[in-house]
Amino acid sequence: MENATSPDNSENHESATPSIDFDELINHIGGFGLWQCTRFLLVISLGPLLAGFGPAILVFTELEIGHHCRIPELNWTESEYFNRLNTSNTLLKQHIPIETASAVDTFSQCSMFVENQNSTANCIDGYVYKRTNMKNNAVMEYDIVCDNHYLKSIGRSIYFLGMLIGSLALGQISDHWGRLPSFYGCVVLHILSTASLYWLNSYELIIVQRLLQGAASQTTYIAGFVIGCEMVAPKWRTLTGSFCNACFGLGIALCSALAYLLRYDWRLMCVVAGACGIAPFFGIYFVRESARWLLATGRVKLARKVINSMAHTNGRQIPLGIEEQLSVLEMRNVTGNDVTILEKPGEDDVNRSLSSPTSNGTTKSCKATRKVANKTTYTTLTLLQTPNLRFRTIILSINWFANVVGYYGIGLNLEQFGNNAFVDQIISGLLHIPAFIL
């Protein structure tokens, strides 16, 4: 990076195009100092944490528990049904057929006798539920069991569709409007999509709402991940990303604990879980926009304020050469099309790193950096433009699909693995922390 001029036409052309090696800059002013730690730990990490609320809410609002047909003639309470639920109970055997599953005789959960035991039918008078763990949720309130069980699958499919749409939309939104507004916009979406479940009076509306819930869960995670990684030096990004993943698991554990405390009212649980999204707003005047994004879009004056704040808090000084370059960019009142952000080279370019003197004796850095110009607009379709990118995109997509199917296939059905879904979910969430760190 240089401010020197040269009679060579190529160097005159290069000096006319301002450029900033942001990775070099952030290393000078503290790659992971006090400024980054406080803002990331106190505010930005709350995005991935809130994202973990999404799958936990999905599990506990639809937690399927033991159920059987309600028999009005018996006039029993729900607890009496399950206290007397054994195949030797002759009174129950007169009303509920016995089925054999895995060589074990059990009462049918979805059928009852009609016409003096001459035939069976679906549960005409509704269901009774074993409310040992979860006292109430959407499954029990709307009887999403037996013939209506498919609605639960549709709702979860809609949830994952929301995740897909949110992922595709967030990139374009954050590139245009900024990382920080996108982050807080996603948090608002979490608050509205989760808390509004309190007022929905049909399961069909809840299914539609799953679209927003899925989008909120995915985007709050991605928005926090991106702004967190952009505020630290490259060598710290792996740790930052792992911490985001750990926060996601912690969010699952915390929301599961909240669901246990409010297991008697699933609607109140959703309101409280949504209200937790208010927490990041306490730091709205504390956290700052991504300096990388500000420079890339030509907002040099705002970027300098963030960079100066970062350097001051970290107890560092901005190198004179970089300070002068920022001053030049600001005085020129450049736009995003004029600023070029330099990124560190890949492994193939390392051997080409060198330093060569310019015509006036100063040293010109030629680190084989890669210029990323904002004149080109990148979209998701850019990943399919070249054979190499196409191949990597397809391979990564298949890999991600396989991982997600296994992860959510287990995570959303933990109630089938043990007797207490709350404990299982809390343990599952906490296991994310060592898993991602290691």
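Student: Is Asn75 buried or exposed?

Tutor: Exposed. This is a predicted model, and in it Asn75 has a relative accessibility of 68%. The cut-off for exposed is over 50%, so Asn75 counts as exposed.

Student: Where is Asn75 found?

Tutor: In the loop between strand 2 and helix 6, which spans 78-83. The backbone there deserves a look. Asn75 is not a glycine, yet has a positive phi of about 55 degrees.

Student: What about Asp143, what is its phi?

Tutor: Positive, at about 55 degrees, and Asp143 is not a glycine either. Asp143 sits in the loop that links helix 8 (138-142) and helix 9 (149-177). With 22% relative accessibility, Asp143 counts as partly exposed.

Student: Why partly exposed and not buried?

Tutor: Buried means under 20%. Asp143 is at 22%, so it counts as partly exposed.

Student: New topic. Which loop holds Glu62?

Tutor: The loop between helix 5 (53-61) and strand 2 (67-69).

Student: And is Glu62 buried or exposed?

Tutor: Buried. Its relative accessibility is 0%.

Student: What does the Glu62 side chain make a polar contact with?

Tutor: The side chain of Arg210, at 3.1 Å.

Student: What else is Glu62 in contact with?

Tutor: Leaving aside neighbours within four places in sequence, Glu62 is in contact with Asn137, Val139, Lys152, Arg156, Tyr203 and Arg210.

Student: Let's do helix packing. How do helix 5 and helix 13 cross?

Tutor: Two packed helices are described by the angle between their axes and the distance between the axes. For helix 5 and helix 13 (residues 266-275), the axes come within 11 Å and cross at roughly 175 degrees. That makes helix 5 roughly antiparallel to helix 13.

Student: Which residues meet there?

Tutor: From helix 5, Phe53, Ile57, Phe60 and Thr61. From helix 13, Trp266, Met269, Cys270 and Ala273. By class, that contact has seven nonpolar residues, one polar and no charged.

Student: And helix 3 with helix 15, what angle?

Tutor: Roughly 105 degrees, with the axes of helix 3 (residues 34-44) and helix 15 (residues 300-314) coming within 7 Å. So helix 3 is roughly perpendicular to helix 15.

Student: Who makes that contact?

Tutor: Helix 3 brings Leu34, Trp35, Gln36 and Arg39. Helix 15 brings Val306, Ser309, Met310, Thr313 and Asn314. The contact of helix 3 with helix 15 splits into four nonpolar, four polar and one charged.

Student: Now the largest nonpolar core. Which residues touch the most other members?

Tutor: Ile44, Phe60, Tyr81, Met269, Leu295 and Ile307, out of 93 residues in that core. Helix 12 (residues 237-261) gives the most to this core, with seven residues.

Student: What is Ile307 in contact with?

Tutor: Beyond neighbours within four places in sequence, Ile307 is in contact with Leu25, Ile29, Ala291, Leu295, Ile318 and Leu326. Leu295 is also on the list of core residues that touch the most other members.

Student: How about Pro434 and Gly249?

Tutor: They are 185 residues apart in sequence and 10.0 Å apart in space, C-alpha to C-alpha. Pro434 is in helix 18 (residues 421-437). Pro434 is partly exposed, with a relative accessible area of 37%.

Student: One more residue. What does Ser182 touch?

Tutor: Leu170, Ile173 and Ser174, not counting residues up to four places away in sequence. Ser182 lies in helix 10 (residues 179-195) and counts as buried at 6% relative accessibility.

Student: Zooming out, how many helices and strands does the protein have?

Tutor: 18 helices and eleven strands. Of the 438 residues, 44% are buried. Among contacts between residues at least 6 apart in sequence, 72% join residues at least 24 apart.

Terms used. Residues numbered from 1 in each chain as written. Predicted model: local features only at pLDDT ≥ 70, side-chain atom pairs only at ≥ 80, totals over all residues. Heavy atoms only, no water. Axes fitted to C-alpha atoms, helices over the stretch in contact; angles between N-to-C directions. Helix = DSSP H or I, 4+ residues; strand = E, 2+ residues; numbered from the N terminus. Parallel < 35°, antiparallel > 145°, perpendicular 65-115°, else oblique. Contact = heavy atoms within 4.5 Å. Nonpolar A, V, L, I, M, F, W, Y, C, P; charged D, E, K, R; others polar. Buried < 20%, exposed > 50% of the residue type's maximum accessible area, 1.4 Å probe, protein only. Polar contact = N/O pair within 3.5 Å; in protein donor to acceptor, adjacent residues only side chain to side chain. Core = buried A, V, L, I, M, F, W, Y, C linked by side-chain atoms within 4.5 Å.
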